[in-house]
Amino acid sequence: MEWEWKCAGIAAERGSCTAAWRESARRLAALHGSVRAYSAAGSLSAGLASDAAAAKAGAPVSPAPEIQICTTPLPEQIPDDNDHAASVPLPSYPGLMSGQLPNGLSYVILRNNSPSRRVEAHLEVFSGSADELEHEQGLAHVVEHVSYMGNSARERLLSECAAQTNAYTDFHHTVFYAAMDTEPGHRSLKLALFALKEVLEARVGAARLDKERAAVLSEMGMVNTIEYRTECALLAALHEENRLSVRFPIGLEQCIRQWDVKDVTAYHSRHYCPSNAFLYIVGDLDEAAAQTLVNQIMGGVQRKRTPESAPERSEYDAIVKGTLKQTQSRAFPPVIHSFVGTEEQQHEPRLRVFRHALLHGFSLHVFAKSPIIPTRSLADVRRALVRRIVSAALQIRFNVISRGVMTDSSDSDEESSNGCAFNFVEFVQMDSGREACSVCSLDMISARNMWKEAVFLGITEMRRLGMFGISESELERYKQAVFQDIYQLAAQADRISNAEHVQGLMDAVALQSTYLHPAHLLHATELALTSLTLDEVNTAATEMCRHVMTPEDLELVMHSGSESSSEPSINSDPELELQRSRTEAIREEQLTYMPIVAACVPLTPESGGNGANSGANFDITEEQLMAEFRRAQQEPLASGGDVVVPDALLDAEGKAALLENARRMELELRALLVTAIGRRTDENGVPVPEPTGVDSAPFVHQFALANGLRLNVLPAVGQPGRAHVRLAVPGGRMVEQTQHNGAQVGVVAVGARTLQEGGAFAPWSRQQVELFCVDNLIQVEISASLEFFFVDIGFPSDMLAAALVLLNRILERRVVLESDALARAKQAFEQAAGEVARSLEDSAVEQLLSQLCGADPRLLSIRPPALSKLSRHAVEAAVHGHLRTHASEISLAGDFASVDAILPDIRLYLGSIAASAAPPSFAEHARAIVPIPCAERATSKAQPLHFQELRFGDTDERAAAFIAGECFSWWGSLRDGSSVMYTKERDAETCSDVETRARRSHPLFANAASAILQEVLNRRLFSALRETEQLTYDAKFNILGSDRLLGAYYLAEVTASPEKVSRALQVMMQTLRDVQQGRRKMLADNVSSARRTVLARHSAELDKNAYLCEICMGMLLDCIPNKDASYFAELVSVANEITPDDLLFLLQFVPLPSETSQQSKGTKSGGDQDLRTVSCLAVTTSDAPSAAPGVVLDIVTPMRKGTTALGH
């Protein structure tokens, strides 16, 4: 893996430490209640000095009304009653500076040193798509584009400071931001504030409007995926009673095409005034100096707004009147909700069904809306904690029952199941500022043949929690887990990023809540949890689940409550009459607790389709859905039993056995189980750690274990209280055998997922292991890439022993690969393959990749026919073939006191693992450096595969274009075994100076240069396709690199309208070729700006333990010979030396479609490069009613037409 691209991969990784940290930040925000940016030349119309002189310097300010400021500290302890807690205010974040300028602009400034020398400025305009009039649908988004793109101050900021800027529009607001390095005299912040000032003072020109209109229309096609359409359908169902159901930010095409400058100016004048905006500045800065700049620069914006007498202003004021935007928060959209439990609520469940053939699986979503209550007191924290405990309890129960499958024979050794009820299930209640309500949601996704089971289990389990609540032991576990989670957050308080602070402050402003410091939140949590009772939690559980419960359920709850009290039993007529009256009142009140139910139903046409449902019609009627919903509501229920959760994964007896085993191994080997190794040694020849140049993790320590394992250890303080460990084993999908009727296709990937879905090892069941991990904030992710098998574990630093026990059990092959786990794994891959088949972009990429690799199935989706051939024995053999100590590497990064302090645990849990070597055939594949799979096409017979038209069935018009081809690996290797690195024989004449030779000979040259090259090419494509040609919203060039393979692939893509996509493909080809041939030179400034962006991303991730482990991966593996412990320090230094000539040199090894092929639109071949590249136009079509949407109809080549089955 290449260093830049790891950032996105880790962030998206389910269960990763990074994901857990971001989730913690999200929860902190919850308790408190898109313009691409590239460097361009430009200058300010007026200088900084003249603007500053014109500003109202020194004008007085008043506090910002939305920022809750409280300096009263929390008490050390409080009485047990919740009434007293309501009177205890929450202290605001220390050092929070807020104000409101005379022109009405509110602002908040917060000093934050994570990361150091970085600052961000965000301008939030309280105007989003929900504020649009009928003829303005999409105008908020267009105004966003017009106000920031072409903004002269922003262009100067980008060109001079290499800042990152962006903007986005949502229901309730539009946000513009800039993130940059701090500079002497706050120069970069000044430029950012001038750019944001220009947003409020934007002057709209016809040329800029036309450019941004084209970009927005292209963006409309780009975002209009089935996932986007599904989200819109769910939001429309959830908010059917108000304008959120018809005011999506992207807008309506017919409106966007007709607006002129007058329309844009009118909207801007109505909404873009200082009194309707809020400025957030967070970063490593002097708060007083920043406040002065805000006063000087932003104070000069006039307090203007469309007169109230204007017709559009009057129409807008009528929309806002009486809404939550007027009555609760100006940051809310102008809506009124039908809240659950109110008289406005309907007396029947509101069911809406979204049907589409691009949907693969069935999903059900059950909602209830309630008002947002600001978080300002200790009682509010207590309420939020109770909701978290209830949500966690139900989520964990869902995780347990979702593992259950319906099997034909539980005795069978082989998997013979029909699948599991859920592919995904989540229960959560969150305050949503963008929707101005608190939403309790149950979201379930299942295979279509399991939809009834999913509905039944989801509703019955939710009812069960509402009726019976949780047990005392569950409460204690969840209280401890919640406390530990917030403890971790508090420990990382000084590592919260600027962006996370801004989001938290925005939420606090919108929800009218106090913005808390994590340490204060921890103290408040401790106070609240101390007196929290089981009755309090179970009462909240009933309230949160009430919308799926029946009156009979509630009667049972009330009867249970009365039995627990000392009330006498009913034995007289008046008492019976009173009971009947109470029952009737319950039934009447329950009629106002009706859920909003939305279902997404896949449609499979009579012909076409995939898998088991191919050729069969599939639909679910509203009547069928409600019948299953009612069946689940009427099912008699009993409270569930507790699962005993172990205190430790290895008891005292097991630990003693390991200690004895370790002692015995050292005696037999006559050597230590763990030995330090390294490139450097001290004067006594003892290996010393390698410096990394990373402030938060200054050294990497390396060890060799007697059993063959290799270990990298990085003490790191980037995430206080957290750690991450990664096991990396060479192999991956490349070791799958593609012969023998494809019986091994997917066996490694499915095996890894099966191990993930399982988890049982003696003496614990899977449920016990899972609950132990949940309670102790341990996240485990097991996966397989093309090249490697991975086990990633994120955990609290003090749970190191537990994490190493998990690795021990996995490497000892003690974890059971169960039949039902295999069934769930197969179902997950079938779902993934179906989603690829139903995505225009993914289908096109898979088609091109198939052509490049000669249809090698190891690089493609694992489809149902291959999945059906995989047995439990086969996947177990594949997994166990990887789980060998020899040739395996472990990387460990985290907040440890010292390496010496953790060596005993390493010796005990890792050193005691029995040595094991992979089977000979497996080892040969795992360690070999092999060429990337590639199609062999003879030059004389080659059919140029360019400008192919991939027709994709869909109901909406969309289009995209792609170029793909062979490329070099991260280490510069090519498929034929040669390298991009300097060689005397090839490069002596063209590379004469010593410095260039040294630079291009460095092992990290290709690795560092490729990251910068991608950034430069992305900017060139953006400029040519969007700014000059107005063909698209976005274009990308990615190198899909490899670590241990010879060669790799690249992919360039652009989205455009169907009528423009062919031209977009031509321009993309021409732009890349012009750069490659030197017609459009890469200048030193271009490279310098791109380098700063790349290194800034890299630096921002270095605080993440998971990222550190990713970087370490391969340092001690024989299959990556050029990577060692110097990688950390030298990667940045090599990147800093890269020149434009280096990038041009590297680009010569990237084959591009020939000019002949481009000009002939693929009807003629131009040479060898056309044998190593492919391209296509992916266009949707709805003119073939017999074809299933989402299934590729045909591939039309320039020479002839024909149908190519992709097997989706």
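Helix α18 (residues 498–511) lies across β2 (106–111), β3, β4, β5 and β6, and runs at about 150° to β6. Contact here means heavy atoms within 4.5 Å. Angles run from 0 to 180 degrees between N-to-C directions, with axes fitted to C-alpha atoms, for helices over the stretch in contact. Helices (H or I, at least four residues) and strands (E, at least two) are DSSP runs, numbered from the N terminus.

This is a predicted model, in which local features need pLDDT of at least 70 and side-chain atom pairs count only at pLDDT 80 or more, while totals for chains, interfaces and linings use all residues. Residues are numbered from 1 along each chain as its sequence is written, and side-chain values use heavy atoms, with hydrogens and water left out.

The open sheet has six strands in the order β1-β2-β6-β3-β5-β4, with mixed pairing; two strands pair if DSSP finds at least two bridges between them. Its edge strands, each pairing on one side only, are β1 (97–100) and β4 (164–169). From one strand to the next, the twist averages 10°. Strands β3 (residues 118–125) and β5 (residues 174–181) pair in the antiparallel sense over eight bridges, and H122 stands opposite Y177 in β5. Helix α7 (residues 187–200) also packs on the sheet, touching β3, β5 and β6 (277–283).

| Pair | Angle |
|---|---|
| α18 and β6 | about 150° |
| α7 and β5 | about 165° |
| α27 and α32 | about 20° |

Helices α27 (residues 800–811) and α32 (residues 899–910) pack with their axes 9 Å apart. Their angle makes α27 roughly parallel to α32 (under 35 degrees).

Note on methods:
Parallel < 35°, antiparallel > 145°, perpendicular 65-115°, else oblique.
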